[in-house]
Amino acid sequence: MDSTEEFLESVRQNPFTKEILHILTWTDPVQSFMLFLIGNLFFAVLLTTELTFLTLSSYLILSLWFVLSIYTSIQILIHKDMSTPLINGNTGNVPKEQIEPLLSTTENIINFIIKMFRSFYCFENSINSLKFATLLFVLSILGRLFSGVVLLHTAFVLAFIL
């Protein structure tokens, strides 16, 4: 079994792959639509304003913090104590069983990418190296025509459409 087959098998066995495919294939239309809408709104704000990706991300996280602080304050006022599920129910710890498959898949992806780049740059397979050089050339032309954000948005939309 070569490295590509090992990589694909580890990705197929990861439970997160099934969840991502569940969203991208629109099996649950409500969840897929919400994520599609949130992603498109994010890119719309990013494209129509003078904000950078970092600035917009920090604003989104700050607004999430603000909404959660208001929610927590209302729950404390209603219940008159700190026994709301948002405060006491979640300790913030993620069980080791949930993280290990993700770390294993991430490790396999990084190792696969390193092997592929090594084979491209060391010309282990001349045809693949030429394909990689052609891909880089096409990406440089696309980079001159479109901004990176437009290309990311196009990739995001195509992930939900295809």
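**Ground rules.** I number residues from 1 along each chain as its sequence is written, and I use heavy atoms for side-chain values, leaving out hydrogens and water. Since the model is predicted, I take local features only at pLDDT of at least 70 and side-chain atom pairs only at pLDDT 80 or more, while totals for chains, interfaces and linings use all residues.

**Entry 1: Thr105.** I looked up where Thr105 sits and found it in helix H6, residues 96-121. Helices here are DSSP runs of H or I with at least four residues, and they are numbered from the N terminus. Is Thr105 buried or exposed? Thr105 counts as buried because its relative accessibility is 8%; buried means under 20% relative accessible area, exposed over 50%, and partly exposed in between, with a 1.4 Å probe and protein chains only. I then noted that a polar atom of the Thr105 side chain lies 2.9 Å from the backbone oxygen of Pro101. Setting aside neighbours within four places in sequence, I listed Ser10, Val11 and Asn14 as in contact with Thr105 (contact means heavy atoms within 4.5 Å).

**Entry 2: H1 against H6.** Two packed helices are described by the angle between their axes and the distance between the axes. For H1 and H6 I read an angle of about 155° and axes 10 Å apart. The axes are lines fitted to C-alpha atoms, for helices over the stretch in contact, and angles run from 0 to 180 degrees between N-to-C directions. H1 and H6 are therefore roughly antiparallel to each other, a label for angles over 145 degrees. Which residues meet? From H1 I wrote down Ser3, Thr4, Phe7, Ser10 and Val11, and from H6 Thr105, Asn108, Ile109, Phe112 and Lys115.

**Entry 3: salt bridge.** How many salt bridges are there by this rule? I counted one, the rule being a side-chain nitrogen of Lys or Arg within 4 Å of a carboxyl oxygen of Asp or Glu. Glu9 and Arg12 form a salt bridge, with 3.6 Å between the closest N and O atoms. Both belong to helix H1, residues 3-13, and because they are three residues apart, about one helical turn separates them. Glu9 is partly exposed at 32% relative accessibility, whereas Arg12 is exposed at 51%.

**Entry 4: Val94.** I placed Val94 in the loop between helix H5 (85-89) and H6. Val94 is partly exposed, at 48% relative accessibility. Its C-alpha atom is 20 Å from that of Ile61, 33 residues away along the chain.

Key: Helix = DSSP H or I, 4+ residues; strand = E, 2+ residues; numbered from the N terminus. Polar contact = N/O pair within 3.5 Å; in protein donor to acceptor, adjacent residues only side chain to side chain. Parallel < 35°, antiparallel > 145°, perpendicular 65-115°, else oblique.
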